There are 2 protein chains.
Amino acid sequence: MSHAFVPTHRTQVRRVAQRATYLRDDILGILDAGLVCHVGFVVDGHPFVIPTAYARIDDKLYLHGAVASRMLRAMRDGAPVCINVTLLDGLVLARSAFHHSMNYRSVVVVGTGIEVTEPAEKVAALRALVEHVSPGRWNQTRKPNRKELEATAVLRVPIEEASAKVRSGGPIDDAADYALPYWAGQIPLTLVRGEPIPD
Amino acid sequence: MSHAFVPTHRTQVRRVAQRATYLRDDILGILDAGLVCHVGFVVDGHPFVIPTAYARIDDKLYLHGAVASRMLRAMRDGAPVCINVTLLDGLVLARSAFHHSMNYRSVVVVGTGIEVTEPAEKVAALRALVEHVSPGRWNQTRKPNRKELEATAVLRVPIEEASAKVRSGGPIDDAADYALPYWAGQIPLTLVRGEPIPD
C-alpha cells in the first residue's frame with residue numbers, strides 16, 4: 001500500500017474532489033514527470049508566481065536561483081510557499097460548451113522553504129536539478145566551482161503537505177446532449193523533445 | 001511601434017533583465033499561445049497557486065470556475081492576483097552545470113480581479129475560453145443555459161501591469177569551458193496536439 005499524505009485545509013481538494021489523490025507514489029510520479037514548477041509566495045501582502053526548475057530527492061523538493069533573487073530572498077526568511085507542477089495531457093471537447101475541460105495531472109506542495117547551506121547537500125541538489133532534466137548529464141558537465149556555488153542559492157521544501165488532482169478520459173456530457181450532432185472527444189497533448197541542436 | 005506596458009515594482013524583471021520585454025504585442029502573443037495559466041492569490045497570508053484555463057479579449061484576461069471555488073471567492077473580494085503563463089521551448093545543456101538553462105516565454109500579469117456579472121460580457125468570456133483552446137469550436141457546441149451560467153463565475157483581470165521574460169538560443173558557457181569535451185546544445189520542446197480521440 002502506498003503511503004498517503006494527510007490532507008490539510010491548504011491541500012484538500014474541494015472542487016470535483018473525486019479527482020484528488022493524496023498517495024505519495026502518485027504525487028512523486030507527477031513531480032518527477034514535470035520540468036517546471038510555479039512557485040507562489042507573498043511579498044508585502046501581494047502574491048507572486050514565478051516559473052522555475054526544480055528537482056526532487058526523496059521527500060524534498062529543491063529550487064535554486066541567484067542569491068539576490070526576489071523569490072529566494074522572500075522564501076529564505078521562512079515565508080510560506082506554494083509550489084504547483086502541472087502536466088497538461090489533453091483538451092476535452094464536449095457537446096456542450098459548459099462541459100469542455102482539460103486532462104491534466106497537477107500537484108500542489110505547500111510549506112516553508114529552508115536555505116541549504118551544507119555544501120554536500122547543496123551540490124546534491126544541483127546535481128539533481130541537472131539530472132532531472134537530462135538523466136546522466138551531471139557526469140557530462142564541468143561541476144560547479146566555488147564562485148558558482150557562492151552565487152547560487154538552493155532552497156529545500158519538504159514534501160509533507162501535498163495533494164494532486166488528476167483528470168483523464170473523454171468528455172462527460174449531460175444525458176440529453178449526447179443526441180446533438182456535434183463532434184466530441186479528446187485531443188491529446190504531449191510535450192515532445194525534438195532533435196538536439198548542437199551548439 | 002508597439003505599445004509597451006510601464007514596468008512597476010511588481011512587474012519589472014530584475015534577474016537577467018536583458019531577457020525582459022514590456023511590449024504589448026510580445027505579451028499578448030505569449031498569452032494567446034498558452035493554454036493554462038497559474039493564478040497566485042493570498043488567503044489568510046498564505047500563497048495559493050492554481051492552474052486554470054484562461055482567455056483574452058483585447059486587454060482583458062478572463063478566468064472562470066465554479067461559483068463556490070476558493071480561487072474565485074478569494075479574487076472576487078478584490079484581492080490582488082498574479083497570473084503567470086509560461087511556454088517551455090527547450091532545454092539548454094551547457095558544458096558547465098552552472099550554465100544549464102531552459103528556453104521559455106513567460107508572462108506575468110498582476111492586478112485585481114473583477115467578477116463579471118453583465119450577461120453579454122459573461123457569455124463573451126465563456127465563448128473566448130472555448131475558442132482559445134479550439135478556434136471555431138463555440139459554434140459546434142450547445143451554448144450555456146441559464147442554470148450553467150448561474151453556476152459559473154467569470155472573473156476579469158485587466159492586462160495593464162504586465163511583463164514578459166524570454167530566453168531563446170543555445171547555451172552561453174564561460175570562455176574557458178568551450179574547450180571541454182562535453183556535448184552542449186539545445187533540446188527543443190514542443191507541446192504537440194495528437195490525433196483526436198472521438199468520444
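Helices (H or I, at least four residues) and strands (E, at least two) are DSSP runs, numbered from the N terminus. Keep that in mind as you click along.

This is a predicted model, in which local features need pLDDT of at least 70 and side-chain atom pairs count only at pLDDT 80 or more, while totals for chains, interfaces and linings use all residues. Residues are numbered from 1 along each chain as its sequence is written, and chains are lettered from A and ligands numbered from 1 in the order in which they are written.

**First stop: a loop in chain B.** Select Asp58(B), in the loop between strand E4 (55-57) and strand E5 (60-66) of chain B. Its phi is near 50°, a positive value in a residue other than glycine. Most residues other than glycine have a negative phi. Is Asp58(B) buried or exposed? Asp58(B) is exposed, because 7 other C-beta atoms lie within 10 Å (exposed means 12 or fewer, buried 20 or more, partly exposed in between, with C-beta atoms placed from the backbone).

**Next: a helix in chain A.** Select helix H3 (residues 119-133) of chain A, whose end C-alpha atoms are 22 Å apart. Its buried residues are Lys122(A), Ala125(A), Leu126(A), Arg127(A), Leu129(A) and Val130(A). They pack against elements of chain A including strand E3 (46-53) and helix H4 (146-151).

**Last stop: where the chains meet.** The contact (C-beta atoms, placed from the backbone, within 7 Å) takes 67 residues from chain B and 67 residues from chain A. Which element gives the largest share of the side of chain B that touches chain A? E11(B) does, with nine residues. Finally, select Leu189(A): opposite this residue stands Arg193(B) in E11(B).

Notes. Expected span 1.5 Å × (residues − 1). Contact = placed C-beta atoms within 7 Å. Pairing = 2+ DSSP bridges.
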